[in-house]
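Subject: Structure handover

Hello,

Here is the structure I promised to pass on. Please open it before you read the notes.

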Amino acid sequence: MGAKYRSVFDIIGPIMIGPSSSHTAGAVAIGRVAHKLFGEPMTKVTVHYYESFAKTHRGHGTDYAIAAGILGMAPDDQRVPQAPQIARRNGIDLRYVEEEEPSPIHHPNTAVLCISNKHKKILVAGCSIGGGAIEIRKLVVEGVKIFPAGPLPIVLYVDHGKKHPNAVELTAEVEKLAPFYRKQSMRGEECDIYEYDIKHYMNKKTIDKLEADFDNLICL
Amino acid sequence: MNMYDSIQAIVDDANEKNKPISELIIEQECQLSGADRETVWNKMAKNLEIMRAAVKRGQEGNGVYSATGLTGGEAVKIKKYREKHQTLSGDTMMSAVQNAVATNEVNAAMGVVCATPTAGSSGTLPGVLFMLEKRLNLKEEQMIRFLFTAGGLGMVIANHSGIAGATGGCQAEVGSAAAMGAAAAVEIAGGTPEQSSQALAMAISNLLGLVCDPIAGLVEIPCVKRNAIGAGNALIAADMALAGCISKIPADECISAMNKVGRGLPASLRETGIGGLAGTPTGQAIRARIFGNNV
């Protein structure tokens, strides 16, 4: 297992717009994962809140934080508080739902994001574990359910047409550039999906190289 | 490269290598991230700059006020009081409180802060640090080292207990921040790594069980003032450790106790805005005034 906090800057940082690191900065981070994973303009975003998020999202600015994240903003972007209006101006049907039942991913700070446009749909279930750090505990991509260990970084590879059985080459490269502690493979109807839970934070160079070397690979 | 997994391991390594904790944490960060020392150092320097700006902003002019009007302006009140009165707890203590309150007032007003370890507890460390800057005539280099020590020990707390009010209560936020600040203050004042560990243990013990009960779910009441006690607690624990006082319970066991206490807290006292001060008639009335009754 990887530790949840792996950098001194998880503790001293992030630099952010207040008021809450878990409900604001962490919520931005969950939104940013969804933004990167979706990778194209979205038309509908529904945010389902659970437990502490459901009770306090308004007071903590979680709504604007998630919206900022799905637009790809950083937690210290001055536009963060205006993000929902910006999202709606960009034609995104943005909705927030307070769920009564316990979190499906077993954490009090849970947001489940359902994002779609005409031809694509994903689900991202994330939780904000404190100090701005997050875990992604469930994803649905191309109809395939994925359950990562939680802590970032996560490397995700969608093999359309199942052309790379077991992703042998990719696994070797991930192991070399960014050692992982767990690998999962999921078989979908039209694609195979591989998910790697990475031990340490990845630098930009490593991310760029992996994403350049493999189509449909995403470092979250 | 393995991360330090306990406070004891950090103290042992510091003693063995005859290095301050801050140095070990800088080395750990370079190895974990693959970044060079200068990059890591400069990133922390940037955090320090943001912290300084928030402290300054919170106590200038009439101060800052949150959108709800529930908090704001009290750092300035403390500043004026210090100018005109002989404070009861001493001017340095009240200057730490002033810095802490100033930072959290900026946070409540959706200003820019550096989370240390969280935004709700972002006033505690600057409260201590910028007071010590004047009291001990600290140079920037020492202040950056303070943050590495605080952050490195905070990582152990975060990984073994947690730093979210929603899972562990306020003890996990302001309690952790106070513990980090206490240990870092000891190092900067010339204490030993063992004394840092003692300060951390005492600071956690002193706030064990503190609940997270924000009124209307806002990071305002009681969060802003809780950082005053966080800063005060950090300084008291640091002074006690420097005096040679010993926590009979080792630091790592205090962290583990905090984790268990947090898990034992009911949800109403873990950042749901239901119990504690949030559940008082006045707390409920404020909530109704801000969000209406349908919550």
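Predicted model: local features only at pLDDT ≥ 70, side-chain atom pairs only at ≥ 80, totals over all residues.

Residues are numbered from 1 along each chain as its sequence is written, while chains are lettered from A and ligands numbered from 1 in the order in which they are written.

**Six-strand sheet**

Chain A has an open sheet of six strands, ordered 3-2-4-5-6-7, with mixed pairing. Strands (E, at least two residues) and helices (H or I, at least four) are DSSP runs, numbered from the N terminus. Two strands pair if DSSP finds at least two bridges between them. Strand 3 (93–98) and strand 7 (144–146) of chain A are the edge strands, and each pairs on one side only. On average, neighbouring strands here are turned by 20 degrees against each other, direction ignored. Axes are lines fitted to C-alpha atoms, for helices over the stretch in contact; angles run from 0 to 180 degrees between N-to-C directions.

Eight bridges join strand 4 (residues 109–117) and strand 5 (residues 120–130) of chain A in the antiparallel sense. A:V112 has A:A125 in strand 5 of chain A as its bridge partner. Helix 2 (residues 21–38) of chain A packs on this sheet and touches strand 4, strand 5 and strand 6 (133–141) of chain A. Contact means that the C-beta atoms of two residues, placed from the backbone, lie within 7 Å.

**Four-strand sheet**

Another open sheet in chain A has four strands in the order 9-10-8-11, with antiparallel pairing. Strand 9 (180–187) and strand 11 (217–219) of chain A each have a single partner strand, so one side of each lacks a neighbour in the sheet. The twist averages 15 degrees from one strand to the next. Strand 8 (residues 154–160) and strand 10 (residues 191–198) of chain A pair over seven bridges. Here A:Y157 is partnered by A:Y194.

**Chain A with chain B**

Contacts link 39 residues of chain A to 50 residues of chain B. On the chain A side, helix 3 (51–60) is among the elements giving two or more residues. Helix 3 of chain A gives the most, with six residues. Strand 1 of chain A also pairs with strand 1 (residues 112–114) of chain B, antiparallel, over three bridges. There A:I15 stands opposite B:C114.

Best wishes
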